[in-house]
Amino acid sequence: MSSKLVANQALMKQQNRARVVYALWKNSPISRTGLAKFTGLNKATITNIILSLQEENMVVHKGSLQGSVGRAQKLLMFNENYGLCAGIMIRAKNINLAISNVRAKILWSSDVPFSAEEPPLDVVDRVASTLEEGLAACKQYSENFLGIGVGTASLLRHEDDMLYAIHSIDWHNVPVIQYLRQRFHVPIIADTASNCAALGEKYFGIAENVSDMLYLSVGYGIGGGLFLGGKLYRGKEGFAGDIGHMTLDPNGPQCPCGKRGCWEMMASAIPTGKSFLELRQAADEGDGTAIAELAKIGNNLGKGLANLINVLNPQLIVLGGDVVHAGKWVMTPCRSTLQERVWPWVWERTRVEYSGLSSELGVSTPSIIGAITKVIELLFQ
Ligand SMILES: [Zn+2]
């Protein structure tokens with residue numbers, strides 16, 4: 001047999017296995033007949049794949065399904081403790097860590113604060129040691145460590161996985177990923193916080209069946225993650241979605257990036273100097289200034305989003321980050337500005353919603369869940 005034919009067969013085998021693994025993960029508990037229906041593969045192929053997955057402890061039996069005719073069918077279940085997935089989210093003042101099972105259920109989490117004066121690799125070293133403690137604590141669930149997803153609130157250069165810059169603390173070209181690779185001998189996948197959050201929403205949030213989605217993280221700044229045609233869109237260098245510095249008003253306030261009237265200077269919490277939670281509490285108590293500040297942010301969010309909707313035509317826009325605390329005070333003015341500025345036919349088919357993942361673990365939830373999802377996705381390849 002030619003080596004090309006052998007290679008093709010091996011590739012096909014791997015693809016079939018990936019389809020079964022995904023079908024199991026997505027639809028557990030499921031029968032063999034259900035798997036055949038979902039994957040389009042024949043029962044013999046499925047039986048062979050299931051046998052090898054059972055040997056790997058990836059699949060377990062879970063009761064049976066009594067059909068209207070014939071004998072009961074055994075149900076198969078993806079073993080949720082098949083392995084551990086770690087997520088690391090690098091922010092300007094702290095680094096969040098979490099370890100989950102393959103369903104992104106958080107089993108352990110921690111937070112590593114740091115100061116701008118601390119050498120970056122000393123900080124990364126502390127993060128690695130903290131993660132080792134977490135892995136030891138999670139041994140009771142599984143000893144199979146599947147990988148680390150690293151998200152960063154800064155720019156990440158994709159070609160060499162270099163943390164390009166966190167301007168606020170003067171980290172430039174820090175080899176975080178390279179350092180972690182030397183310390184942990186598992187797959188390590190990096191992406192921006194907003195791309196991670198978009199992925200988290202796609203697998204575990206409100207964007208599950210949506211192929212074109214814009215995720216907007218709005219807090220003390222604005223970041224974006226794009227899902228286009230069912231795939232994460234990064235652009236050539238990986239900097240796509242860095243939309244906080246889109247110009248909204250050329251005569252607007254000065255931004256630290258050097259330009260004037262950047263979107264995040266006008267549509268995030270920056271101009272107020274307060275958190276969205278503080279503003280919302282004040283607004284709920286009838287504070288007119290807070291209500292006006294939130295309305296202005298909502299309007300400015302709508303103005304920028306209207307441009308993006310006209311360019312990208314997404315089905316869904318998810319607002320995540322600290323802004324979820326602002327509730328109706330931002331959402332209502334944002335939607336009414338959109339209604340004024342987007343072509344009615346398009347606006348009727350576009351949803352704008354807050355992230356539902358944000359409330360579970362605090363504001364970092366979608367991005368850390370997304371970082372973990374990067375590891376879970378490896379199972380389907
Ligand atoms: Zn700017």
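I will call a residue buried if 20 or more other C-beta atoms lie within 10 Å of its own, exposed if 12 or fewer do, and partly exposed in between, with the C-beta atoms placed from the backbone. Helices (H or I, at least four residues) and strands (E, at least two) are DSSP runs, numbered from the N terminus. This is a predicted model: local features need pLDDT of at least 70, side-chain atom pairs count only at pLDDT 80 or more, and totals for chains, interfaces and linings use all residues. Residues are numbered from 1 along each chain as its sequence is written.

Start with strand β12, residues 213-219. Seven of its seven residues are buried, so β12 is largely enclosed by the rest of the structure. In a regular strand the side chains alternate between the two faces of the sheet. Here M213, Y215, S217 and G219 are buried on one side, and L214, L216 and V218 are buried on the other.

What does β12 pair with? Two strands pair if DSSP finds at least two bridges between them. Strand β13, residues 221-228, runs antiparallel to β12 and is joined to it by seven bridges. The two form a hairpin with one residue between them, and G219 has G221 as its bridge partner in β13. With strand β15, residues 316-320, β12 pairs in the parallel sense over five bridges. Within that pairing, L214 stands opposite I317 and Y215 stands opposite V318.

These strands belong to an open sheet of five, in the order β14-β13-β12-β15-β16, with mixed pairing. β14 (231-233) and β16 (351-354) are at the edges with a single partner strand each, so one side of each has no neighbour in the sheet. On average, neighbouring strands of this sheet are turned by 25 degrees against each other, direction ignored. For such angles, axes are lines fitted to C-alpha atoms, for helices over the stretch in contact, and angles run from 0 to 180 degrees between N-to-C directions.

Now another open sheet of five strands, also mixed in its pairing: β6-β5-β4-β7-β11. Its edges are β6 (106-113) and β11 (188-192), each with a single partner strand, so one side of each is left without a neighbour in the sheet. Neighbouring strands here are turned by 15 degrees on average, direction ignored. β4 (84-90) and β5 (94-100) are antiparallel over six bridges, and I88 stands opposite L97 in β5.

Which helices lie across this sheet's strands? Helix α6, residues 193-204, lies across β4, β7 (145-152) and β11, at about 105 degrees to β11. Helix α13, residues 365-378, lies across β4, β5, β7 and β11, at about 140 degrees to β7.

Two residues are in contact if their C-beta atoms, placed from the backbone, lie within 7 Å. Apart from neighbours within four places in sequence, V330 is in contact with L294, I297, G298, L301 and V323.

Last, a helix pair. Helix α1 (3-27) and helix α3 (43-55) pack at about 80 degrees, with axes 10 Å apart. N16, R17 and V20 in α1 meet T45, I46 and I49 in α3.
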